[in-house]
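Hi,

Here is the structure I promised to pass on. Have a look when you get a moment; my notes follow below.

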Amino acid sequence: MYTVLKSLSCGEGFRVRSMNKKIIHELHRKQLEETTRRHFLRECIAGMGGLALASVFGSCNPFEKKDKYAALLSSNPLAPKAPQFIPKARSVIYLHMAGAPSQLELFDYKPALHKLDGQDCPQSLLEGKKFAFIRGVPKMLGPQASFRQYGQSGAWVSENLPHFSSIVDEVTFLKAMQTDQFNHGPAQLLMHTGGARLGRPSMGSWVTYGLGSENQNLPGFVVLTSGGTNPDAGKSVWGSGFLPSVYQGVQCRSEGDPVLFIKDPEHVTRDLRKASIDAINEVNKIHYEEKGDPEILSRIAQYEMAYRMQISAPEVMNINDEPQYIHDMYGTKPGEVSLANNILLARKLVEKGVRFVQIFDWGWDSHGTDSNLAIDVGFVNKCRTVDKAMTALVLDLKQRGLLDETLVVWGGEFGRTPMAENREGKQNPFKGRDHHTEAFTIWMAGGGIKKGFTYGETDEIGYSAINGKTTPFDLQATILNQLGFDHEKLTYEFQGRPFRLTDVHGKVIHEILA
């Protein structure tokens, strides 16, 4: 190993020697860690505690034979894997509108709510209920958009989505979605990780763990964000939790370098970069053989993936080479950070074999506390940013023959109340709605889902689901089913028991399957 590293230093000159010296120093430190009495004494208390805990929980057990990982050392954790049964879809594009769009201004038309506009909310809707901000007795708020029926399916769509109304016969609406979380962070975690608390793997991580990646030069799970900030739950909504970190989402950008630090440092050639990574991974392999920690395998795979991505990512993440009619179709503007750009990138990524593309767009929290969060101002503007692009995505996938094998999902983390929000019992300066757990809408298209279909129904004012009730666990189970997995059998052993995305819940929504 020293010979390899020293030859690198001699061959590339003084300007790169400092980097190689750091590698040599790291190798030397690792060797000392394994051999010195001082290091052992410093670490022995935590080390012995770790041995005891590992034996109790059965996770990363140091006494376990390393032979079971021997094959993994020479394998690629992102190599394509066969699902449990024949799938209907090979990839997923999940568009999450962070903040929760109002179903009452988009898809769930309630003319009876017009008649109640401005009246005091009935006590029957308030007793025993918890809301994020509503206090006292709020006023009812009628729909703040006009609706029409479209397509052969006769689906109701508001004027806020004029482009989307043209593709209603391609999608299925889930109109009776429910959740038990009314704050953004926990609700987003529940939707994407199957748990309202931190620490569980995201849906994209489970999919990549189960299927690997079709393109070995790109991650199996890519995340794109817009709206100016990350979702309230933070990066945990695309984290790998207790799964090996190689399965976590890789956040890419539509402006500047697609991935931060993807370029080689000045004066570092591709050959030197490759030799450096090979040397680092030789150290990692030695470390793995001594420790048997599968996370070291993830580190090796990530170094190698990063090297390959330096060539492949800039090419696939460049939308400048798309023809003008595609830019017109999506409403994209190359070089900008925008939801439209990210949606076009999602199509390019699944076209190149990426398994799971997760899009988060922030800014859909229509409380009515200011004009940007007003249901009749800011919300309308947000609809304009997504309407054309999400419609183009479905049409573009269809014209390329990809819609049948790509599952598209759109929605938020919960719904909005049929009452106007009265924050702390006072009327808000603009029209808005509070968080609502008992009814919201998600739509799905492609990937073996029925076309022009609506499942579930809410009451006459959109307050509660009355039939066809579904949950985030049911949605997760259905997505995994379309990818060829029984959600009860896609598991990972952790802390002494098998975990799964849907935990102990969920059922496949067979009624919406084509």
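At roughly what angle do the axes of helix H11 and helix H12 cross? Before the answer, one caution: this is a predicted model. The axes of H11 (residues 339-351) and H12 (residues 378-399) cross at roughly 15° and come within 8 Å. Since angles under 35 degrees count as roughly parallel, that makes H11 roughly parallel to H12. As for handedness, the crossing of H11 and H12 is right-handed.

From H11 come Leu339, Ala340, Ile343, Arg347 and Val350, and they meet Thr385, Val386, Ala389, Met390, Leu393, Asp396 and Leu397 in H12. Sorted by class, the residues of this contact of H11 with H12 are nine nonpolar, one polar and two charged.

Next, helix H6. H6 covers residues 184-193 and is mostly covered itself, with nine of its ten residues buried. The buried ones are His184, Gly185, Ala187, Gln188, Leu189, Leu190, Met191, His192 and Thr193.

On the H6 side the contact is made by Leu190, Met191 and His192, and on the H13 side by Pro472, Phe473, Leu475 and Gln476. By class, the contact of H6 with H13 has five nonpolar and two polar residues, and no charged ones. Leu190, Met191 and His192 are also among the buried residues of H6.

You'll find Gln103 in the loop between strand S1 (91-98) and helix H5 (111-116). Is Gln103 buried or exposed? Its relative accessibility is 2%, and buried means under 20%, so Gln103 counts as buried. The side chain of Gln103 reaches the backbone nitrogen of Arg416 at 3.1 Å. Leaving aside residues up to four places away in sequence, Gln103 touches Asp108, Gly415, Arg416, Ala439, Phe440, Thr441 and Gly462.

Cheers

Conventions:
Residues numbered from 1 in each chain as written. Predicted model: local features only at pLDDT ≥ 70, side-chain atom pairs only at ≥ 80, totals over all residues. Heavy atoms only, no water. Helix = DSSP H or I, 4+ residues; strand = E, 2+ residues; numbered from the N terminus. Buried < 20%, exposed > 50% of the residue type's maximum accessible area, 1.4 Å probe, protein only. Polar contact = N/O pair within 3.5 Å; in protein donor to acceptor, adjacent residues only side chain to side chain. Contact = heavy atoms within 4.5 Å. Axes fitted to C-alpha atoms, helices over the stretch in contact; angles between N-to-C directions. Parallel < 35°, antiparallel > 145°, perpendicular 65-115°, else oblique. Left-handed = near helix turned anticlockwise from the far one by under 90°. Nonpolar A, V, L, I, M, F, W, Y, C, P; charged D, E, K, R; others polar.
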